[in-house]
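Please open the structure in your viewer and keep the selection tool at hand. The stops below are to be visited in order.

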Amino acid sequence: MAETARVGVLVPSLFLRVPIEAGVRAAGGVPEAIAAVADAAAGPRVLVADLEALGAEPATAIRALVARGKDVLAFGPQAQAQLLVACRAAGAVVLPRAVFLARLPELLAVALSSGTVPGERLR
């Protein structure tokens with residue numbers, strides 16, 4: 001029997017974390033709370049993160065995580081378009097918060113089934 005996929009969740013806001021964890025379970029994964037970006041490197045291959053939880057330089061954090069083989073699915077404020085673009089360029093799938101939550105089932109289905117981060121087709 002295949003092991004259930006673990007998904008790291010680095011989302012400090014309980015208001016956002018609860019539906020994200022429910023989405024992970026609905027996709028067949030097991031959510032694993034990640035307290036800080038430093039802990040994410042040792043966590044599951046797939047990481048769902050709030051850009052605000054990735055520190056002062058989220059693109060740098062994403063680049064380091066991707067270099068370690070992590071698939072990063074992230075969200076941030078729509079008003080910070082340049083930040084979203086920089087984090088996409090660093091290797092994450094990044095969407096504005098509302099869009100991310102609406103598309104989370106699709107993003108997780110692809111990330112958990114194929115073992116790769118959803119590409120441009122899901123952005």
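The tour passes from the sheet to one residue and then to a pair of helices.

This is a predicted model, in which local features need pLDDT of at least 70 and side-chain atom pairs count only at pLDDT 80 or more, while totals for chains, interfaces and linings use all residues. Residues are numbered from 1 along each chain as its sequence is written, and side-chain values use heavy atoms, with hydrogens and water left out.

**The sheet.** Select the five strands, which form an open, parallel sheet in the order S2-S1-S3-S4-S5. Strands here are DSSP runs (E, at least two residues), and helices are runs of H or I with at least four, numbered from the N terminus. Two strands pair if DSSP finds at least two bridges between them. S2 (30–33) and S5 (93–96) each have a single partner strand, so one side of each is left without a neighbour in the sheet.

**One residue.** Next, select Leu-54, in the loop between strand S3 (46–50) and H3. Is Leu-54 buried or exposed? Leu-54 is buried, with a relative accessible area of 3% (buried means under 20%, exposed over 50%, partly exposed in between, with a 1.4 Å probe and protein chains only). Beyond its neighbours within four places in sequence, Leu-54 is in contact with Leu-10, Val-37, Ala-49, Ala-61 and Ile-62; contact means heavy atoms within 4.5 Å.

**Two helices.** Finally, select H3 (residues 58–67) and H4 (residues 81–89). Pro-58, Ala-59 and Ile-62 in H3 meet Leu-83, Ala-86 and Cys-87 in H4.
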